[in-house]
Amino acid sequence: MATRLHILPEPPTPVAEAAIQAAIAYDAVGEDYFTYADGDGRALYDFTSRYSYADRQIWQQIDAALHQIRASGRRDISLLDAGCGPGTWLLRTVRRAHHLGLHVRQARGFDISPEMIRIARENTAFQGDFHFEVGDLQLALPEADASVDLTLCLYGVLNHLPATTHAAAAKELARVTCGHLFTTVRTVGSLPTIYVDAVEKARSFLQDHEIDQFDADLDDGRHISFTSHLFCAAEFRALFEGHVQAMELTGLDLFHSRFSANPRWNPAKLPYADAFEQALCKLEERCCCDPAFMDRAAHILLHARCAG
Ligand SMILES: C[S@@+](CC[C@H](N)C(=O)[O-])C[C@H]1O[C@@H](n2cnc3c(N)ncnc32)[C@H](O)[C@@H]1O
């Protein structure tokens, strides 16, 4: 009787495993992630959600960059969104570019999650200009050197990559950009997040810093598990050093999330709400570039200028 040879399939490499886990998690949450991150997505520039302080700060800087590009006499622009999720940031940027009279030569968004790409396509259907596809930031980008005027890589994308791939990903983002590069990461000192939805949706969760792994059991019985590397400002800066001409780092949301009302506890409105909000904004401005505070912000925004 012939002996049958059992050839075991190769286990996925850590890099492939990280991509698979992120894709599974974001595919599973789908539209819920879109609602969590962007509300109903219709009020593109109305940053009023519980987590919107950081959105406002990021948008101010992107908007200023678009104005600067237009003021320099440029008539067209090329855009890239790495880890675009539901595509809202690319949609915002394209709409504002049009409004400023810039022709959008290319607006490419890619994400490891096919479901995020489906939602991004649906959200931008009939609006021309967009090209969304499944792609992995751990691999080389197809864009030519210095071919993108404004590159985005926002909210958690780099956190989901294994630390061994951060340097190569940062180098690739800088290589393809010939203008502005905006990227954010979650910090080691931030408040807990479950990335894919509001933190109250988790029954339990655990961030393991030894192996950069995050696990959560959600209220609806689902389990999510993926790479989560939380950054220090110095580490984030070092990734881009030598690859970009100049960069500024800003700590985003040092105080707002910590003082945001909890719908299960606080009354809808507390006294002195407006004065308190003004004071918080002043505190954010005063501390956002202080190294002692930056590692405790919810996110760090890196705005780099790349050579053309
Ligand atoms: C928190 S979401 C942010 C989405 C979007 N940038 C935004 O700000 O709305 C993180 C995104 O990173 C994507 N992602 C994770 N690992 C990735 C990888 N290796 N390559 C591309 N996208 C990835 C996830 O699928 C998810 O859509």
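Author: A residue is buried if 20 or more other C-beta atoms lie within 10 Å of its own, exposed if 12 or fewer, and partly exposed in between, with C-beta atoms placed from the backbone. Now the case here. Asp253 has 24 C-beta neighbours inside 10 Å, so Asp253 counts as buried. This is a predicted model: local features need pLDDT of at least 70, side-chain atom pairs count only at pLDDT 80 or more, and totals for chains, interfaces and linings use all residues. Residues are numbered from 1 along each chain as its sequence is written.

Reader: Where is Asp253 found?

Author: Helices (H or I, at least four residues) and strands (E, at least two) are DSSP runs, numbered from the N terminus. Asp253 sits in the loop between strand 9 (246–252) and helix 8 (256–259). Its phi is positive, near 65°, and the residue is not glycine.

Reader: What is the phi of Asp212?

Author: Positive, about 55°, although Asp212 is not a glycine. Asp212 lies in the loop between strand 6 (202–208) and strand 7 (213–218). Asp212 counts as buried because it has 20 C-beta neighbours inside 10 Å.

Reader: How many residues surround the ligand?

Author: A residue is near a molecule if its C-beta atom, placed from the backbone, lies within 6 Å of it. Here 23 residues surround the ligand. The closest are Ala22, Gly83, Gly85, Tyr155 and Gly156. Helix 1 (14–29) and helix 4 (88–99) are the elements that give two or more residues to this shell. Helix 1 gives the most, with 3 residues.
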